[in-house]
Amino acid sequence: MGQCASNAASKGDDDDSRRGVVSTSADDGDTKKRSLIKTTQPLSARYAYVDKLGHGAFGEVYKYQTTTGGVVAVKALDKQKLSRIRTSSHRTMMDDAIDEAEFMAVCADEHVVGVYEWCEEARGDTAYIVMEFCERGALVSDDADRFEPFEDSRAKAVIRDICSALVVCHAQGVVHYDVKPQNVLVHASGAYKLGDFGSAKRVEKNVQDGTYALVRTTPGTPAFTAPECCEGEPCDGFKADVWSVGVTAHALVTGSYAYQAEGAWNTYQLILSQDVDLSQISDEQCRDFLAKVLDRDPAKRLTAQQALEH
């Protein structure tokens, strides 16, 4: 979004404490290799409960303090419930929950919410994902249909950081598949971080031609779904992520969502039949960026790297 990449270096990225960088293992060449830490030790041995942050259908999210005084977010998952719900013939939601944590680990980056460990106590019905605590919460509230448009400079900073996160994810073969304002968290440092990898998918790379497998499921949130994914056909997950970046960027600068309809099917029909309205966008660079990330042809749509460099 106009000057996304050129502004990045001026943000003082070498100041890790200000940017909220999560320490991780060393890189292996140009490809970042990281593994999720898994433990069966009791959570209470390392963390002290502070407060409840929120809840979902299958667990709660809490604020905990470390033994050294730091703060983490802990997602508590009901193993019995998750293990009973099948997501395919050979997988359950418990498998998906483990994948979520592993994807966050392998995509470790200053613009991705950090994951510290997966804790599955030897006794008990709860598993825990211990994550980086983003004090300022989500960029936009879940229940907000409209909100105050972001100033241009802030919207650019958000989109730059999202694109930066996606470049890392895509390099690891991970499709986020649910990019939206509600899944961007704001660190105390002011850094914007991509979170909630619950819909993420790992795509295999063809070693012969360098192409990646298509994703055969529908993205996490209908309103941010790329047109080519709306009819359930296999799609390029990386380009679907970029479309979601475009819908997110449009929402930030207008204060409303491009596609709002009652129910998933109606939302998909709206996406398939209508282009995103760019007439409200006065900034020429912004309008050009949106046109390129919201190109209906995924082959012509920008990649995450191209979007970052726009």
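Student: With which residue does Lys-75 form a salt bridge, and how far apart are the closest N and O atoms?

Tutor: Side chains of opposite charge can pair when their charged atoms come close. Here Lys-75 pairs with Glu-100, and their closest N and O atoms are 3.1 Å apart, where a salt bridge is defined as a side-chain nitrogen of Lys or Arg within 4 Å of a carboxyl oxygen of Asp or Glu. Lys-75 belongs to strand β4 (residues 71-78) and Glu-100 to helix α4 (residues 93-106), so the pair ties together parts that are 25 residues apart in sequence. Helices (H or I, at least four residues) and strands (E, at least two) are DSSP runs, numbered from the N terminus.

Before we go on, note that this is a predicted model, in which local features need pLDDT of at least 70 and side-chain atom pairs count only at pLDDT 80 or more, while totals for chains, interfaces and linings use all residues. Residues are numbered from 1 along each chain as its sequence is written, and side-chain values use heavy atoms, with hydrogens and water left out.

Student: Is Glu-100 buried or exposed?

Tutor: Glu-100 is buried, with a relative accessible area of 8%; buried means under 20% relative accessible area, exposed over 50%, and partly exposed in between (1.4 Å probe, protein chains only).

Student: Where do Arg-296 and Asp-275, which meet in a salt bridge, lie?

Tutor: Their side chains meet at 2.4 Å, N to O. Arg-296 lies in the loop between α8 (284-293) and α9 (304-309), and Asp-275 in the loop between α7 and α8, so this pair ties together parts that are 21 residues apart in sequence. Arg-296 counts as partly exposed at 27% relative accessibility, whereas Asp-275, at 58%, counts as exposed.

Student: Which residues of helix α7 are buried?

Tutor: An α-helix has 3.6 residues a turn, so residues three or four places apart point the same way. In α7 (residues 264-273), the buried residues are Thr-267, Tyr-268, Leu-270 and Ile-271. Seen down the axis of α7, they fall within an arc of 160°, so they line one face of the helix; the arc is that of the directions from the helix axis to the C-beta atoms. These buried residues pack against α6 (237-254), while the face turned away from them carries the exposed residues Trp-265 and Ser-273.

Student: What is the mean pLDDT of the chain?

Tutor: The pLDDT is the predictor's confidence in each residue, from 0 to 100. Its mean over the chain is 87, and 89% of the residues reach 70 or more, but over residues 2-32 the pLDDT is below 50.

Notes
Contact means heavy atoms within 4.5 Å.
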